Amino acid sequence: MGNDGFEQMSLLGDAPVARPALNRLFFALMPDEQDAARLFKLGADLRVAHGVRGRPVGENRLHITLHHLGDFPEVPELMVNRASQAGETLAHPCFTLSFSGVMSFGKHSSNPPFVLVGSEENLSGVISLQREVGVRMAHAGLAREVEKRFTPHMTLAYDLKTVPVQAIEPVSWQARELVLVHSLIGQSVYFVLGRWPLGPAA
C-alpha cells in the first residue's frame, strides 16, 4: 500500500516519523441484536465456568473477522471505496453457523483472547463466505489484504488465563449480512461503514 500519507516529517525535516495506527478496518460477520444478546449471556456464563475474569467483548462488538484490511493513522478513503466495491459485488447466500467449543488463542500472548470455535462442517458457510469476499477484494484491488489463513472464531474476552479447547453445548445463529467495520484501536469503539445483505439461503 506504500505510505499513503501515513508518515510525516520530523520537526527537523530530515526523516519521516511514523504516525501511530489508531484506526482498524476489517470485514466481519456480526449477529443481530437478539443473537448478540444471547451470545453475550452465553459468554458471561462461559467466562464464569472457565475462570476467565478478563475484559469481555461488548455485546454490540461481538463478531467474526473475515479479513483484516489494516491499521492506519487515518481511515484511507481509497481502501474504504475498494472494500465497498467488493461488498457490493458479493453474491453469497445467508447461512446458519454453529460453535461447539471454547478455547484461548495465542499461547504465548500476554492477554490471549477467549473464543468460541467450531468444526469445519458447522462453520462451512463462514469459510465459504470468507473465500468469496477474498475473491471480490482481489477484483477490487485489495489482493494484498486478502487473509490467506483463516480460523473462524468469535472472541468473548481477553484474559491472562489460558483455557485449553473445551466442548460446549452447540450454539447457532444465522449470518444475514457482511459488514465493513472501522474500529478505534484500544477504545472499544466500532463504526459500521457498510452493510451488504446475504442472499436467500441455498
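Me: Is Ser 183 buried or exposed?

Reply: This is a predicted model, in which local features need pLDDT of at least 70, side-chain atom pairs count only at pLDDT 80 or more, and totals for chains, interfaces and linings use all residues. Residues are numbered from 1 along each chain as its sequence is written, and side-chain values use heavy atoms, without hydrogens and water. Buried means under 20% relative accessible area, exposed over 50%, and partly exposed in between (1.4 Å probe, protein chains only). Because its relative accessibility is 6%, Ser 183 counts as buried.

Me: Which residues does Ser 183 contact, leaving aside neighbours within four places in sequence?

Reply: Contact means heavy atoms within 4.5 Å. With those neighbours left aside, the partners of Ser 183 are Leu 22, Asn 23, Arg 24, Phe 26, Val 189 and Tyr 190.

Me: Which residues touch the most other members of the largest nonpolar core?

Reply: A nonpolar core joins buried Ala, Val, Leu, Ile, Met, Phe, Trp, Tyr and Cys residues through side-chain atoms within 4.5 Å. The largest such core holds 44 residues, and those touching the most other members are Phe 27, Leu 29 and Leu 97.

Me: How does Phe 191 count in terms of accessibility, and what is the value?

Reply: Phe 191 contributes, with Val 75 and Leu 193, to a nonpolar surface patch of about 230 Å². Such patches take residues with over 30% relative accessible area and no salt bridge, joining like charges within 9 Å and nonpolar side chains (Val, Leu, Ile, Met, Phe, Trp, Tyr) within 5 Å; a salt bridge is a side-chain nitrogen of Lys or Arg within 4 Å of a carboxyl oxygen of Asp or Glu. Areas follow the Shrake-Rupley method with a 1.4 Å probe, and for residues only the protein chains shown count as cover. Phe 191 counts as partly exposed because its relative accessibility is 39%.
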